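These are my notebook entries on one model. I wrote down what I looked up, in the order in which I looked.

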Amino acid sequence: MSPKVKLSAIIDGMEMQSEEFNSFLNKETSEVVFVSRSALITAEDGDDFDHLADWEQQEVNTAIDILQYEDKYASLPSQYEIDEYDMMEQFCFSQEDESIQSALLNAIRGRGAFSRFKDQIITLGVSDEWFTFQEDCYKQIAIDFCEKEQIDYVE
């Protein structure tokens, strides 16, 4: 039986996802690993990677392991699966004060929504509420991921 994974490790892994890096959970060790897209491409292509630095070789070896033993790894939810805009919108609607709700909803309309939203939560004094709300959303996504992948977790 594999050790239980910490939800905080999954959340950290989800937050580290980017265009360049993917995060995976090793189901056997409950370790979250980060692999660059270039390491995955090198692993897929089977290119010689002896010329790479030691840390890069380790990363390619991890990528090879991920590709060879797909059942051993679970890809963490990506930034596209984590709908930050939806989180912001849910937060807006959770506000009981109609003037705050209205100001926040206006902030998230159109281009630049993320920066306007961040400015508004500071201006309106609800940034602590937002960060708690966002943390709870990430936690729920991590729990849903674990349940879908049948992974035991601890908070």
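**Entry 1: E84**

In which helix does E84 lie? I found E84 in helix α4, residues 84–94. Before going on I noted the ground rules: this is a predicted model, in which local features need pLDDT of at least 70 and side-chain atom pairs count only at pLDDT 80 or more, while totals for chains, interfaces and linings use all residues. Residues are numbered from 1 along each chain as its sequence is written, and side-chain values use heavy atoms, with hydrogens and water left out. Helices (H or I, at least four residues) and strands (E, at least two) are DSSP runs, numbered from the N terminus.

I then checked the charge of E84. E84 is buried yet has no salt bridge. Buried means under 20% relative accessible area, exposed over 50%, and partly exposed in between (1.4 Å probe, protein chains only). A salt bridge is a side-chain nitrogen of Lys or Arg within 4 Å of a carboxyl oxygen of Asp or Glu. The nearest side chain of opposite charge to E84 is K118, at 5.1 Å; Lys and Arg count as positive and Asp and Glu as negative, and His and the chain ends are not counted.

What does the side chain of E84 have instead? I found a polar contact of 2.3 Å between the side chains of E84 and Q134. A polar contact is a pair of N or O atoms within 3.5 Å; within protein, one must be able to donate a hydrogen and the other to accept it, and residues adjacent in sequence count only if both atoms are side-chain atoms. Setting aside residues up to four places away in sequence, E84 touches F114, W130, Q134 and Y138, where contact means heavy atoms within 4.5 Å.

**Entry 2: the sheet**

I traced an open sheet of three strands in the order β3-β2-β4, with antiparallel pairing. Two strands pair if DSSP finds at least two bridges between them. β3 (31–36) and β4 (73–75) are the edge strands with a single partner each, so one side of each has no neighbour in the sheet. From one strand to the next the twist averages 35°. Axes are lines fitted to C-alpha atoms, for helices over the stretch in contact, and angles run from 0 to 180 degrees between N-to-C directions.

I counted six bridges between β2 and β3; N22 stands opposite V35 in β3. Three bridges join β2 (residues 21–26) to β4. Across that pairing, F24 faces S75 and L25 has A74 as its bridge partner. Five of the six residues of β2 are buried.

Next I looked at what packs on this sheet. Helix α1 (residues 7–16) touches β2 and β3, and its direction makes about 10° with that of β3. Helix α3 (residues 54–68) lies across β2, β3 and β4 and runs at about 110° to β3.

**Entry 3: positive phi**

S30 has a positive phi of about 65°. The hairpin of β2 and β3, where S30 sits, has four residues between the strands. S30 is buried, at 13% relative accessible area.

Q150 has a positive phi near 55° and lies in the loop between α7 (127–149) and β5 (153–154). Is Q150 buried or exposed? Q150 is exposed, with a relative accessible area of 74%.

**Entry 4: T42**

T42 is in helix α2 (residues 37–45) and is buried, at 18% relative accessible area. Beyond its neighbours within four places in sequence, I found T42 in contact with D47, F49 and V60.

**Entry 5: salt bridges**

How many salt bridges does the whole structure hold? My search found five.

K72 and D65 form one, with the closest N and O atoms 2.8 Å apart, and both residues are buried.

E155 and K139 form another, at 2.4 Å between the closest N and O atoms. E155 lies in the segment after β5 and K139 in helix α7, so this pair ties together parts 16 residues apart in sequence. E155 is exposed at 69%, and K139 is partly exposed at 30%.

K148 and E149 pair with their closest N and O atoms 3.8 Å apart. K148 is exposed at 66%, while E149 is partly exposed at 22%. I also noted that K27, K148 and E149 are linked in a network of salt bridges.
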